[in-house]
Each structure stands twice: as C-alpha cells, then as structure tokens.
Amino acid sequence: MATFPDIAGPIDVSARAGRVRQGWRGSDRFADMAALVVTDLTNIRWLTGFTGSAGTAVVLPDEVVLVTDGRYGDQAERQLAGARCRSSIRIGRTAGEQLALLAEVVAGVDRLGFESAHTTHARWCQLVDALSMELIPTSGLVEACRRTKDGAEIARIERACAIADLALAEVVPTIVPGRTEAQVRNDLERLMREFGATGPSYETIVAAGPVNAPLPHHRPTETVIEEGHTVVIDVGALVDGYHSDMTRTFLVGTPSALQREVYEAVLDAQVAGVAAVRPGLTTAELDAVCRDRLTQAGFGPWFSHGTGHGVGLLIHEDPFVNSAGGWVLQEGDVVTVEPGVYRGDFGGVRVEDLVEVTSTGGRALTRSPKEDPCLPSAPTT
Ligand code: ZN
Ligand code: ZN
C-alpha cells in the first residue's frame, strides 16, 4: 500500500464554481446568463463535494446553494465544509418545499440556465411552474470544466489504477484451463476491495474463447477457459468516487499464428496511440492513429468501437475518442486508449490503458505488463 498515491483529506472544490461561471460568461451563447440550476448528481458532487442521492445545486453569481432533503442535512454540511465549498445548504422536507426553496434562491435572477441533458421533462415542468420564469437550456457547462482533473483527482485515479494492476497481477497465474470467467471476475473484484477500493469501477469483463471474447462488453458466465482461448479482461477499481479502466488480453496455451498476428497488431496500434497522446491533438486524430495501424495490418473492419473515452467520476465521460471526435486534448484530461479486434475465428483482443494528458504528452496510469500475452507463462514486469 505504501507505494499508492496519497489521497488523504477531501478534494478542495472551492475554485470550481468560479471556473464554471467563467466558462459560460466567456461563451457566445450564455454570456448574459446569471445563474445555473445543476440537477446532475455527478456535477453536484464535483461542484460541492456532496455525494447524496438527491439534491439540486444553483450556481449563483457569488455562491453555490445546495437544496436537498432532511435525510442529507448533516452529511451535506460535513461534506461541503470538508470540500471547502462556499455554499449554503437549504433543507426541504418535501419535493414541494424544495421547489419553494429553489424559487427563493433564484428570486431576482433574470436569466437562469438549466442542464437540458440531465433534466427530465417532468422535472423541467415542475421547475418552470415553481420558479415562474423561462429557463435557458444549456449542456456540458459543468462537464467542460470537470474533464480537467486536478492533482487530487489524478491521485485517486492513479490509486484506482494501481489497485487494478495489483489485483490483475495476483490473478494472472490462476488463469488456467478449467477455471471459469466468473471465478476470475470474482477473484479480481475481491482483491480490489482487499487492496482498498470501494469496489469495481464497473462490472468486470472476463471474456474467454471464440464465442465470448469477440463481445466487447461480455458479462462473465460459467464459461470454462480452455487451451487456445483468447481471454479479454477489462478491469477497473473505484477509489473515493474516481474510476480506473484497463484491459489486458491473454492467450491460453500455444497461440495460433492468427492470434499472434492479431495481438501484435492491436498492441502496436495501442502503443502508438498512447505515445501519440499530447495536448492539442484532436480526439479524431488520436482515433486515427490506432485505426490506421489496424487498417494497414488488415484488421480495420474488426475494430468495431471508438478508441477511448474520458474517465473520472464517471467511467465514460468527456472527452470521447472516436472518429467523429471534435474534442481537442488538453492538460488534465484522463482518457483511455483501447483499440480492439473481434472475430469469431480467433476470439477477441483488446489492450487498454488509462492515460493522463500532461503539459507535454501523455502518462500511462495503468501499468500492467502487456508485451507478453501468453499464459501460463507468467507475464514479465
Ligand atoms: Zn475498459
Ligand atoms: Zn474503457
């Protein structure tokens, strides 16, 4: 444990609302917006430190107000104070009381935004009724800031990566013919908890053989691992709300020539992708680095998904790395690079690392060995 990054103390969120305000004031569309109603719980957590399952935050010109219910009064006070959130908390016992409190909070605000992607139509109707004002639809205002991770967030993600690395290293020697996908999954998830994770950061994928391994999001079953299988393991840990994400593929026994060829092509594409990560690169360009290599190797048609995605408080978040990608990578982004090739005649192969975008390039946060996929030989470190 001593080598894990230090994550003592809560994350300081005190500057975050200011960054969100600055973001919309500097935009063409929302420059004259006075305040923003935040309904997405992940965005609320990022802004305030509050982890409850119900609440609404309002980013006002000079403070944030959190409206929640009686179950969360003490928790909200403790978490907001711990996160140094400059915020007041209003408690309403019923949904009606909470709406009335919101109306008080935004009284006098003339242009009020709401998160259109995170507000149901029913909720929007309630807000319009209760607040008696027109609401401006916005999208991605908090997410645009949330994608940039600070040091405390990187430390949590890095710790989650280290825990998954350690769990996988313990499990690899047990991936032998006769074991089932579900057994391998159970071991990985138990070990990650033992090493200090809250749990897995998503349902761990263990996909073995020509039927299951070609399914990028296969759920582990009682399928027995056999000689000749490719085994795709996609595993991440959750630490203080932050996720990690990594995939390694193993070849059980003596691989076929085609399995070797595919593995080498995927690894080559993945290594090139990780090496290409730098601020200023568009996500479409990063996707093309991996996709072009696999196309040149003859496997392009079987790379059936995007190259990667951002990771943070959510396992899939901005920026998304695919051929349509209009994002420009910037320092503080944390993205996966995960090309894969899937086909019934050899199984599936995916290699995935989580990479921090630094001021000059990229830094891989997942570090499990990937050069030698052959089992039962132990991987080199
Ligand atoms: Zn993954
Ligand atoms: Zn991923």
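Asp287 counts as buried, at 1% relative accessibility (buried means under 20% relative accessible area, exposed over 50%, partly exposed in between, with a 1.4 Å probe and protein chains only). This is a predicted model, where local features need pLDDT of at least 70, side-chain atom pairs count only at pLDDT 80 or more, and totals for chains, interfaces and linings use all residues. Residues are numbered from 1 along each chain as its sequence is written, chains are lettered from A and ligands numbered from 1 in the order in which they are written, and side-chain values use heavy atoms, leaving out hydrogens and water.

**Salt bridges**
- The structure holds 27 salt bridges (a side-chain nitrogen of Lys or Arg within 4 Å of a carboxyl oxygen of Asp or Glu).
- Asp287 pairs with Arg291 in one of them, at 2.7 Å from N to O.
- These two residues sit 4 apart in helix H11 (residues 283-296), so about one helical turn separates Arg291 and Asp287.
- Salt bridges with shared partners join Asp40, Arg146, Lys149 and Glu317 into one network.
- Arg248 bridges to Asp353, with their closest N and O atoms 2.8 Å apart.
- That pair links distant parts of the chain, 105 residues apart: Arg248 lies in strand E12 (residues 246-252) and Asp353 in strand E18 (residues 353-357).
- Both Arg248 and Asp353 are buried.

**Helix H2**
- Helices (H or I, at least four residues) and strands (E, at least two) are DSSP runs, numbered from the N terminus.
- H2 spans residues 41-48 and is mostly covered, with 6 of its 8 residues buried.
- Among the buried ones are Trp46 and Leu47.
- Just after H2, Gly49 adopts a positive phi of about 90°.
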